[in-house]
Amino acid sequence: MPLNSEQTLKIIRTVPAKEGKIFYLSGAWTLSNLPEIEKALKKYREFKHPSYPLILDISGITLIDTAGMLFFLKARETLRNKARRKTDISVRGVGVNEEFLKMFRLIRRYKKERALPKPRPRNPFASFFEAIGRHFFNGIDSAFLFLDFIGRTYATFLRDLLRFSFRIREISNLVKKAGVMALPIIGITTFLIGVVIAFQSAVQLQQYGANIFIVEIVSIAIARELSPIITSIVVAGRSGSSYTAQLGAMKITEELDAMSVMGFDIFHFLILPRSIALIIVLPLLIFFGDIIGIFGGMIVAKYQLGITPISFIDRLYEVFAMRHFYAGIIKGPFFAATIAAIGCFRGLQVTRDTESIGRQTTISVVNSIFMVIIIDAVFSIIFTELGI
Amino acid sequence: MKKPLIRVENLVTRFGDHVVHDGVNLTIYEGEIYGILGGSGSGKTTILRELIMLHEPTAGRVTVLGHDLGGAPRELRQRLRTQWGVLFQFGALFTSLTIAENIAVKLKEYTRISDSLIDDIVATKLEMVGLDLKVASLYPSELSGGMVKRAALARALAMDPRLLFLDEPTSGLDPISAEQFDNLIVQLKNLLGLTIVMVTHDIDSIFTVVDRMAVLGDRKVVAEGSINEVVQVNHPFIRQFFGGNRAMIRRKHGK
């Protein structure tokens with residue numbers, strides 16, 4: 001039963017007869033021809049309002065597939081419903097087409113007088129409030145789940161601390177992935193940030209002849225705020241998202257279940273190493289970002305303001321108090337713990353469908369960047385109050 | 001003589017240094033259920049992937065429905081793709097679509113028929129594969145493994161293909177579902193006049209469903225033909241495969 005679109009098309013020819021009108025249906029009634037058949041049928045007034053008996057002659061149909069048969073049956077059904085009497089519409093086939101009969105029997109067997117269940121039409125007004133409510137309760141649920149997750153991670157941490165049984169190899173491997181391999185991108189970003197800050201300030205400083213203050217501006221801004229924030233954002237995008245995707249994929253392939261069944265606690269084996277690795281790595285990356293960022297400022301100072309690197313570094317020694325450095329570095333572990341916790345937590349929230357990996361990864365990155373900025377704001381309030 | 005629909009000649013497949021096929025020849029005729037058998041790593045699934053243009057063979061000639069796949073222009077490839085249906089091993093239903101949308105996806109993209117007719121087609125195909133119409137609005141993650149396979153079969157049948165490719169259709173099903181699925185395949189073949197190519201190592205399917213088969217081994221086809229012809233061939237894999245307990249019971253009781 002070949003179903004080629006190259007097959008001859010249907011032709012509809014009508015002949016007025018004594019007992020009504022005969023429609024000679026012919027050609028290939030296959031999926032690809034149906035739109036044209038439908039259009040051709042619509043041209044006939046009789047098909048809209050069958051006011052006298054119609055005879056559908058099917059002997060010319062050379063080919064028919066399931067879609068064609070369904071269409072034929074549907075057309076006949078509508079005609080019969082519109083006609084004055086059901087018997088007004090009849091089907092005849094001279095020299096009956098075996099193919100047609102076979103398909104007719106097949107469809108008859110499977111096509112029940114039932115339609116697909118339609119989704120209930122929803123009230124847009126109600127579903128708006130429903131969505132708000134659903135989001136609210138989902139938010140509360142996931143807040144509780146997150147607390148539970150934090151608690152478990154911390155409990156595992158204490159247990160491992162007592163026995164001192166950390167997964168050192170795993171941690172060092174993760175440190176390499178999240179730290180060493182992140183150096184190029186963090187170097188480039190913080191360098192550019194240093195350059196941009198220096199450029200922007202240089203223009204202003206030149207007006208007052210206060211060129212040398214570029215050192216304070218660049219070094220303090222980079223060390224206290226910019227390097228920690230920029231580095232954390234890059235790490236959240238790089239490592240946080242990969243934790244989510246990784247754990248999510250492991251959940252879909254049931255690797256996490258396999259681990260639990262073998263008695264491997266996923267908090268001990270997967271989540272704690274990731275958290276510890278990030279906590280180790282982020283302060284170091286921030287330090288690296290400090291150096292490169294200030295270096296970027298130094299280059300701008302030389303070419304824009306004519307401050308030699310020697311005098312830049314001299315001035316840096318004089319004015320850069322260590323508390324600025326510590327104020328930046330100390331945030332590192334907090335940011336790292338947040339990013340790792342959110343990344344891993346979101347990974348565990350992945351459900352069985354592939355779509356949810358993408359959704360959870362997005363949430364993971366957005367949430368961790370948002371939390372990093374909130375925590376940063378809290379820190380700057382604390383530092384200001386303490387006069388650091 | 002029956003019309004050959006698929007012909008594979010001197011097929012060679014290499015992944016790097018690893019040679020999977022080295023001169024594979026086989027012919028699949030119209031209206032038969034053809035099994036591709038072989039041990040793990042013998043390249044059964046790779047052959048299937050080459051037949052459906054998911055993988056380009058290193059050398060050799062693959063002719064499907066009278067067209068040489070090597071260097072076929074895009075247009076032809078697209079047209080060929082509308083003439084066959086594929087059932088992947090794990091169903092590969094789109095998780096973001098409901099079952100009804102999954103079945104209708106090709107109809108929606110490739111034809112201009114009305115939505116109500118599409119609904120009718122979807123309902124008929126669901127009935128054909130023995131699924132309740134209630135599943136139409138569910139998502140694939142809400143179905144059991146057997147139901148996913150049935151739904152995926154309905155999707156493969158949506159466009160009334162001439163050719164149906166099945167990758168291990170009964171793997172992962174319990175014996176009852178597997179038998180039902182086998183019966184369903186035979187039934188559909190008879191009803192729709194399909195030609196079916198299946199990769200399988202389910203001994204029951206091989207005895208009850210498959211008309212002709214090719215056994216892969218040593219990077220070639222070591223035997224091709226009906227079950228009675230294949231078991232005559234003296235090859236370690238065939239002896240092992242058809243000499244096992246489960247196959248012996250089958251052979252004693254016949255088909």
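**Pockets and the interface of chains A and B**

Helix H5 of chain A, H5(A), contributes eight residues to the lining of the second largest pocket, which is the largest share of that lining. The structure is a predicted model, and the values reported here are computed from it. The volume of the second largest pocket is about 540 Å³, and among the 20 residues that line this pocket, those closest to its centre are A:Phe146, A:Ile150, A:Ala337, A:Thr338 and A:Ala341. At least two lining residues come from each of four helices of chain A, namely H5 (124-163), H10 (266-305), H13 (331-348) and H14 (355-386). When the lining of the second largest pocket is divided by class, 14 residues are nonpolar, five are polar and one is charged.

By class, the lining of the largest pocket comprises eight nonpolar, nine polar and six charged residues.

The contact between the two chains involves 33 residues from chain B and 32 residues from chain A. Between chain B and chain A an area of about 3,000 Å² is buried, with carbon and sulfur atoms giving 58% of this area. On the side of chain B, the residues B:Glu127, B:Asp160 and B:Leu191 supply 18% of the area that this chain buries against chain A, which is more than any other three residues supply.

Polar interactions across the interface were also examined. One salt bridge is found across the interface of chain B and chain A, and a salt bridge joins the side chains of A:Lys74 and B:Asp120, with an N to O distance of 3.0 Å. Three residue pairs are in polar contact between chain B and chain A, counting pairs in which both residues have a pLDDT of 80 or more. On the side of chain B that touches chain A, the elements that give two or more residues are helices H3 (99-110), H4 (115-128) and H6 (175-192) of chain B, and H4(B) gives the most, with twelve residues. This side of chain B is made up of 14 nonpolar, ten polar and nine charged residues.

Conventions:
Residues numbered from 1 in each chain as written. Chains lettered and ligands numbered in written order. Predicted model: local features only at pLDDT ≥ 70, side-chain atom pairs only at ≥ 80, totals over all residues. Heavy atoms only, no water. Contact = heavy atoms within 4.5 Å. Buried area = accessible area lost by both parts, 1.4 Å probe. Salt bridge = Lys/Arg side-chain N within 4 Å of Asp/Glu carboxyl O. Polar contact = N/O pair within 3.5 Å; in protein donor to acceptor, adjacent residues only side chain to side chain. Nonpolar A, V, L, I, M, F, W, Y, C, P; charged D, E, K, R; others polar. 1 Å grid on protein atoms, 1.4 Å probe; cavity = no way out; pocket = protein on both sides within 12 Å on 5 of 7 lines; lining within 4 Å. Points joined across faces, edges and corners; volume = space filled by probe spheres on them.
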